[in-house]
Amino acid sequence: MAWVVVVEESVNYGQSARWGVGTVRGDHADREEARSAALAMTRTFAPNHPWSERDRQVFRNSEDSYLVNVVGATTEFHFRVSVAERI
């Protein structure tokens, strides 16, 4: 078993857009290492939407989960970054 960082975001475009797992990264040896990677990803991950990022706010929901709101040129989107154990 290993710890990973999971990003949930809006995937696809237009009428076929849906909320889903966008990215799974890492096979971290322990939870603390994965938590550090998750926090870093809240600042560096480039989500599918919006295309032209102007601002970003990060909110910690728990030690293992963050909600990130991204403001674009014309709209806002959000994504979630979570630490999970791969079973």
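Author: Start with the elements. Helices are DSSP runs of H or I with at least four residues, and strands are DSSP runs of E with at least two; both are numbered from the N terminus. Keep in mind that this is a predicted model.

Reader: In what order do the elements of the protein run from the N terminus on?

Author: The order is β-β-α-β-β-β. That makes 1 helix and 5 strands.

Reader: How much of the protein is buried?

Author: A residue is called buried when its relative accessible area is under 20%, and exposed when it is over 50%. Buried residues are 39% of the 87 in the protein. The accessible surface is about 5500 Å², and carbon and sulfur atoms hold 48% of that.

Reader: What share of the contacts in the protein comes from residues 24 or more positions apart?

Author: Take the contacts with a separation of 6 or more. Of these, 45% join residues 24 or more positions apart.

Reader: Now charges. How many positive and negative side chains does the protein have?

Author: There are 10 positive and 12 negative side chains. The centres of the two sets lie 4 Å apart.

Reader: How many salt bridges does the structure hold?

Author: To call one, look for a side-chain nitrogen of Lys or Arg within 4 Å of a carboxyl oxygen of Asp or Glu. The structure holds 7. Some of them join up: Arg 31, Glu 32, Arg 35, Glu 63 and Asp 64 form a linked network.

Reader: Where do Glu 32 and Arg 35 lie?

Author: Both are in helix H1, residues 31-44. They are 3 residues apart, about one turn of the helix.

Reader: Is Arg 35 buried or exposed?

Author: Arg 35 is buried, because its relative accessible area is 15% and the cut-off is under 20%.

Reader: What distance separates N and O in the salt bridge of Arg 35 and Glu 63?

Author: The distance is 3.2 Å. Arg 35 sits in helix H1, while Glu 63 sits in the loop between strand S3 (53-62) and strand S4 (65-72), so this pair ties together parts 28 residues apart in sequence. Glu 63 counts as exposed because its relative accessibility is 56%.

Reader: How far apart are the closest N and O atoms of Asp 64 and Arg 35?

Author: They are 2.6 Å apart, and the pair forms a salt bridge. This pair also links distant parts of the chain: Asp 64 is in the loop between S3 and S4, Arg 35 is in helix H1, and 29 residues separate them. Both Asp 64 and Arg 35 are buried.

Reader: Let me try strand S5. Which residues does Val 83 contact, leaving aside neighbours within four places in sequence?

Author: Trp 3, Val 4, Arg 31, Ala 34, Arg 35, Ala 38 and Asp 64. Val 83 is found in strand S5. With a relative accessible area of 10%, Val 83 is buried. Compare sequence with space here: Val 83 and Trp 3 are 80 residues apart along the chain, yet 6.9 Å apart from C-alpha to C-alpha.

Reader: Why does Ser 82 count as buried?

Author: Ser 82 has 13% relative accessibility, and buried means under 20%. Ser 82 is found in strand S5, residues 76-86. Beyond residues up to four places away, Ser 82 touches Val 4, Val 5, Val 6, Glu 8, Asp 64 and Ser 65.

Reader: Where does Trp 51 lie?

Author: In the loop between H1 and S3. Trp 51 is exposed, because its relative accessible area is 75%.

Reader: Which residues does Asn 48 touch, not counting residues up to four places away in sequence?

Author: Glu 9, Ser 10 and Val 11. Asn 48 lies in the loop between H1 and S3. At 31% relative accessibility, Asn 48 counts as partly exposed. Asn 48 and Asp 30 are 18 residues apart along the chain, and their C-alpha atoms are separated by 28 Å.

How values were computed. Residues numbered from 1 in each chain as written. Predicted model: local features only at pLDDT ≥ 70, side-chain atom pairs only at ≥ 80, totals over all residues. Heavy atoms only, no water. Buried < 20%, exposed > 50% of the residue type's maximum accessible area, 1.4 Å probe, protein only. Contact = heavy atoms within 4.5 Å. Areas by Shrake-Rupley, 256 points an atom, 1.4 Å probe, with all protein chains shown as cover. Lys, Arg positive; Asp, Glu negative; His and termini not counted. Charge placed at Lys NZ, Arg CZ, Asp CG, Glu CD.
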